[in-house]
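Work through these exercises with the structure open. Try each task before reading its solution.

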Amino acid sequence: MGPSPVPQESAAARPTVVRARNERIASSARRHRFDRDARVPFLCECSDDRCGELLRLTLEEYAVARDGADHLVAPGHQVDGARIVRVKESCWMYRAR
Ligand SMILES: [Zn+2]
């Protein structure tokens with residue numbers, strides 16, 4: 001729990017909004033046949049409205065992470081009202097409660 005100047009409503013909404021953008025990034029990368037080993041820049045889905053961190057994951061890593069979690073964030077970032085389910089070097093994964 002850190003200090004949070006962000007109103008409750010927008011803090012809850014950001015991870016969901018960013019998640020939808022990441023899904024579009026992933027389908028766009030698939031359409032353009034990104035190389036298997038290429039790292040695609042995804043947006044951190046944390047609750048901090050000022051966050052501009054990028055997660056660089058291959059499409060495979062993204063698919064696996066997406067499958068096991070509701071939100072993917074940069075290491076150390078937080079999703080309000082969610083719990084961490086997995087910690088990796090490339091990203092932390094949160095599950096909505
Ligand atoms: Zn973040």
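**Exercise 1. Work out the strand order of the open sheet and name its edge strands.**

Solution. The model is a predicted one.

Step 1. Take the pairing of β3 with β5. Strand β3 covers residues 71-73 and strand β5 covers residues 92-96; three bridges join them, and they run antiparallel.

Step 2. Take the pairing of β4 with β5. Strand β4 covers residues 82-87, and five bridges link β4 to β5, again in the antiparallel sense.

Step 3. The three strands form an open sheet in the order β3-β5-β4, with antiparallel pairing. The edge strands are β3 and β4, since each pairs on one side only.

As background, strands of a sheet pair through backbone hydrogen bonds, either parallel or antiparallel.

**Exercise 2. Find the residues of β5 that stand opposite His71, Val73, Ala82 and Val87.**

Solution. His71 stands opposite Tyr94. Val73 has Trp92 as its bridge partner.

Now go to the β4 side. Ala82 has Ala96 as its bridge partner. Val87 stands opposite Trp92.

**Exercise 3. How many residues lie between β4 and β5 in their hairpin, and is Lys88 buried, partly exposed or exposed?**

Solution. Step 1. β4 and β5 form a hairpin, and four residues lie between them.

Step 1. Lys88 sits in the loop between β4 and β5.

Step 2. Count neighbours. Lys88 has 13 C-beta neighbours inside 10 Å, so Lys88 counts as partly exposed. The cut-offs are 20 or more for buried and 12 or fewer for exposed.

Step 3. Check a distance. Lys88 and Ala65 are 23 residues apart in sequence, and their C-alpha atoms are 9.8 Å apart in space.

**Exercise 4. Sort residues of α2 into a buried side and an exposed side.**

Solution. Step 1. List the buried residues in α2: Leu59, Tyr62 and Ala65.

Step 1. Recall the helix rule. An α-helix has 3.6 residues a turn, so residues three or four places apart point the same way.

Step 2. Turn to the other side of α2. Glu60, Ala63, Asp67 and Gly68 are exposed there.

**Exercise 5. Which members of the largest nonpolar core touch the most other members, and which elements supply at least two residues each?**

Solution. Step 1. The core has 18 residues. Leu57, Ala65, Leu72, Val73, Cys91, Met93 and Tyr94 touch the most other members.

Step 1. Assign the elements. β1 (40-43), β2 (54-57), α2 (59-68), β3 and β5 each supply at least two residues of this core.

Step 2. Follow Leu57. Leaving out residues up to four places away in sequence, Leu57 touches Arg39, Val40, Phe42, Tyr62, Ala65, Ser90 and Cys91.

**Exercise 6. Describe the whole chain by its elements, burial and contacts.**

Solution. Step 1. The protein has two helices and five strands. From the N terminus on, they run α-β-β-α-β-β-β.

Step 1. Of the 97 residues, 28% are buried.

Step 2. Take contacts between residues at least 6 apart in sequence. Of these, 45% join residues at least 24 apart.

How values were computed:
Residues are numbered from 1 along each chain as its sequence is written. This is a predicted model: local features need pLDDT of at least 70, side-chain atom pairs count only at pLDDT 80 or more; totals for chains, interfaces and linings use all residues. Two strands pair if DSSP finds at least two bridges between them. Two residues are in contact if their C-beta atoms, placed from the backbone, lie within 7 Å. A nonpolar core is a set of buried Ala, Val, Leu, Ile, Met, Phe, Trp, Tyr and Cys residues joined through C-beta atoms within 7 Å.
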